Amino acid sequence: MNTLALPAREARGMSPAAVAMWLLLPIALVNAVGFLWPVVNLLRMSLNESEATGALIDTVSLATWRNVLTDSFTLELIGNSIGVSLFITLLTLVASYPIAIYLHRSSGLWRTVLLVLVIAPLLTSAVVRTYGWIAILSNQGLVANLLAAFGLAPPRLMFNLTGVVIGLTEILMPYMILALLSGFGRLDPRYEEAALTLGATPLKTFWRVVLPLTAPGMALGCLLCFVLAISSFVTPKLLGGGRVFLLATEIYDQAIVTLNWPVAATLSMIVLVLFGAALALYTRALRRIA
Amino acid sequence: MDERPISPVLKAAAGLMFLFLLAPLIIVIPISLSGDTYMAFPPSSWSLRWYGAIFSDTRMTAAFSVSLILALVVTALSLLIGLPAAYALVRLRPLGAEVLGSLFTAPLLLPTIVLGLAILLVFAPLGLLGTFQGLVAAHLIVTLPYAIRVLSTALATLPIPVEEAAATLGAPPLTVFFRVTLPMMRSGMVSTAALCFLVSFDEVVLSLFMTGPRLSTLPVAMYRHVEQQADPLVAAISVLLVVLTLAVVIVVDRTAGLAKTFVR
């Protein structure tokens with residue numbers, strides 16, 4: 001690229017390739033020790049077995065995989081996790097869409113303020129936001145006291161699936177909003193105007209013009225939210241209160257509480273398989289949209 | 001793009017959803033000012049006692065120092081490791097630069113629960129669990145991809161002729177880098193630092209796998225506290241954290257532009 005700098009570097013006795021190698025060495029080391037090796041090791045661990053006492057048996061077999069995939073509890077766990085994550089993804093999409101459209105159409109300082117309001121939750125710890133939901137959903141919380149003021153009996157909103165779904169939907173919204181926004185580039189207001197001028201009703205304009213144009217952003221947001229939902233752990237643990245069993249919470253329990261590493265590793269590999277399936281579906285959907 | 005007035009239906013829907021999005025962050029403010037010993041909304045009395053309680057809770061103050069030092073160390077290392085890597089990938093373009101680039105950002109694609117377990121299984125036999133070094137290494141794996149991404153964008157958008165001019169005038173490559181390239185990258189460095197700091201400071205899943213009984217980060221200490229009891233203490237800490245986050249977000253917006261950093 002810059003021919004002028006090259007002779008200077010060669011004069012110091014190092015080719016650009018050699019310089020690049022040295023500059024990339026630290027990150028390559030971190031990546032190898034902290035990412036590549038652990039992931040390969042995770043796959044290897046899923047081929048080990050564990051005794052009934054929990055002791056690790058160093059071997060190469062598919063016994064753990066077989067046990068996990070024939071156990072009715074884990075099968076239900078996997079099914080539930082997929083179902084709940086899909087439902088949360090759908091809710092997140094519906095809740096985020098108006099915000100994204102509104103942001104896309106606003107401008108100037110107002111847009112910046114709104115963008116800060118979208119990004120600030122994203123950068124706030126999931127523990128803080130889950131705690132906020134406890135304050136809203138618990139028996140002494142906002143919703144319960146509000147309903148009580150009207151003489152209504154508050155439903156159970158926490159320590160069950162309802163709480164987990166509400167909390168996770170809110171926590172994933174910023175990701176969905178940003179994904180939608182990044183895909184809204186093709187949405188030119190003139191297209192809508194044209195449709196309206198030609199006599200289409202606002203609803204029909206939305207259905208036939210706006211929605212198809214924003215489909216790629218929606219697909220990306222859904223992929224992102226599904227993957228994040230199925231692997232989220234803090235919110236299901238705190239809002240589920242140990243009564244909601246999902247893949248991510250089970251992985252943590254197997255790894256830290258039960259200390260059954262082969263099972264934890266196998267469940268993690270299953271999460272990765274689901275992730276791959278979601279990615280494949282996304283690519284197919286994207287091709288059909290385009 | 002305000003050629004067409006935004007319809008009231010959309011305004012109402014967006015407003016409602018914004019309320020939903022911000023509700024858990026807004027509600028911690030009144031709760032943190034509660035005078036009750038338990039969490040309830042609305043509180044039966046008001047006081048600042050829970051802000052005082054933070055500073056007398058040694059678990060929380062210790063965890064805060066760990067998190068702060070950890071985030072600073074991780075941020076410094078992310079810049080130190082990320083900047084040369086980004087320079088090599090963007091400017092020197094060695095063979096396979098694109099493959100390496102996606103390999104270095106790949107840890108972000110991995111669900112943190114899976115990454116956390118994977119790191120646990122490797123770090124446990126090395127005796128790195130519950131150690132500060134272990135936490136630094138684990139956090140680096142998730143902050144470096146951000147560093148690479150933001151710094152690469154910053155480098156790629158710099159005007160190369162300025163650097164070439166310096167080189168033509170006889171400045172050696174290292175001088176060009178430190179006197180010309182680096183000062184021009186100031187805003188990119190600030191947003192990288194802010195992002196790495198926040199990611200490390202807020203990280204909870206990896207930390208839950210890595211912390212031991214003697215060493216805990218603030219998010220982990222808060223998580224454990226909420227798991228056992230929900231009192232207004234965590235609300236008071238949350239308010240301080242939200243203020244810290246907003247401050248960092250505003251710094252990023254002033255130096256690098258929020259939209260440029262987060263919306264591609």
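This is a predicted model: local features need pLDDT of at least 70, side-chain atom pairs count only at pLDDT 80 or more; totals for chains, interfaces and linings use all residues.
# Note on the two-chain model

1. The crossing of H4(A) and H1(B) is left-handed, a term used if the near helix is turned anticlockwise from the far one by less than a right angle, right-handed being the clockwise case. Helices here are DSSP runs (H or I, at least four residues), as strands are (E, at least two), numbered from the N terminus. At about this crossing, the axes of H4(A) and H1(B) come within 8 Å and cross at roughly 120°. That angle makes H4(A) oblique to H1(B). The cut-offs are: under 35 degrees for roughly parallel, over 145 for roughly antiparallel, 65 to 115 for roughly perpendicular, and oblique for the rest. Axes are lines fitted to C-alpha atoms, for helices over the stretch in contact, and the angles run from 0 to 180 degrees between N-to-C directions.

2. Residues are numbered from 1 along each chain as its sequence is written, and chains are lettered from A and ligands numbered from 1 in the order in which they are written.

3. Confidence comes next. The model has an ipTM of 0.86 and a pTM of 0.87. In pLDDT (the predictor's confidence in each residue, from 0 to 100), chain A has a mean of 87, with 95% of its residues at 70 or more. The mean for chain B is 88, and 95% of the residues score at least 70. Within chain A, confidence is lowest in helix H1 (residues 5-11), with a mean of 47, and highest in helix H4 (residues 72-105), with 94. The pLDDT is below 50 over residues 1-11 of chain A, a stretch that has 16 contacts in the model beyond near neighbours in sequence.

4. On the interface, 79 residues of chain A are in contact with 80 residues of chain B; contact requires C-beta atoms, placed from the backbone, to lie within 7 Å. Helix H1 (residues 8-32) of chain B supplies the largest share of the chain B side, 14 residues. That side of chain B has 67 nonpolar, five polar and eight charged residues. For these classes, Ala, Val, Leu, Ile, Met, Phe, Trp, Tyr, Cys and Pro count as nonpolar, Asp, Glu, Lys and Arg as charged, and the others, Gly among them, as polar.

5. Chain B has 13 helices and zero strands. Its C-alpha trace spans about 70 × 60 × 30 Å along the principal axes.

6. UniProt annotations come from unreviewed entries. Their positions are given in the numbering used here, feature names are shortened, and annotations may be inferred rather than shown by experiment. The record lists "domain: ABC transmembrane type-1" for residues 78-282 of chain A, a span that is 81% helix and 0% strand with end C-alpha atoms 20 Å apart.

7. The record's "transmembrane region" annotation on chain B includes residues 189-212 and 232-252. Residues 189-212 of chain B are 83% helix and 0% strand, with end C-alpha atoms 33 Å apart. Residues 232-252 of chain B are 95% helix and 0% strand, with end C-alpha atoms 30 Å apart.

8. Helix H9 (residues 186-202) and helix H12 (residues 233-255) of chain B pack at about 160°, their axes 9 Å apart. H9(B) is therefore roughly antiparallel to H12(B). H9(B) passes H12(B) in a left-handed crossing. The contact residues include Ser187(B), Ala194(B) and Phe197(B) of H9(B) and Thr245(B), Val248(B) and Thr255(B) of H12(B). By class, the residues of this contact are seven nonpolar, four polar and no charged.

9. Two backbone details deserve a look. The peptide bond from Phe41(B) to Pro42(B) is cis, with omega near -5°, and Pro42(B) is in the loop between H1 and helix H2 (49-56) of chain B. Phe159(A), which is not a glycine, has a positive phi of about 60°; Phe159(A) is in the loop between helix H7 (142-149) and helix H8 (161-183) of chain A.

Methods: Two residues are in contact if their C-beta atoms, placed from the backbone, lie within 7 Å.
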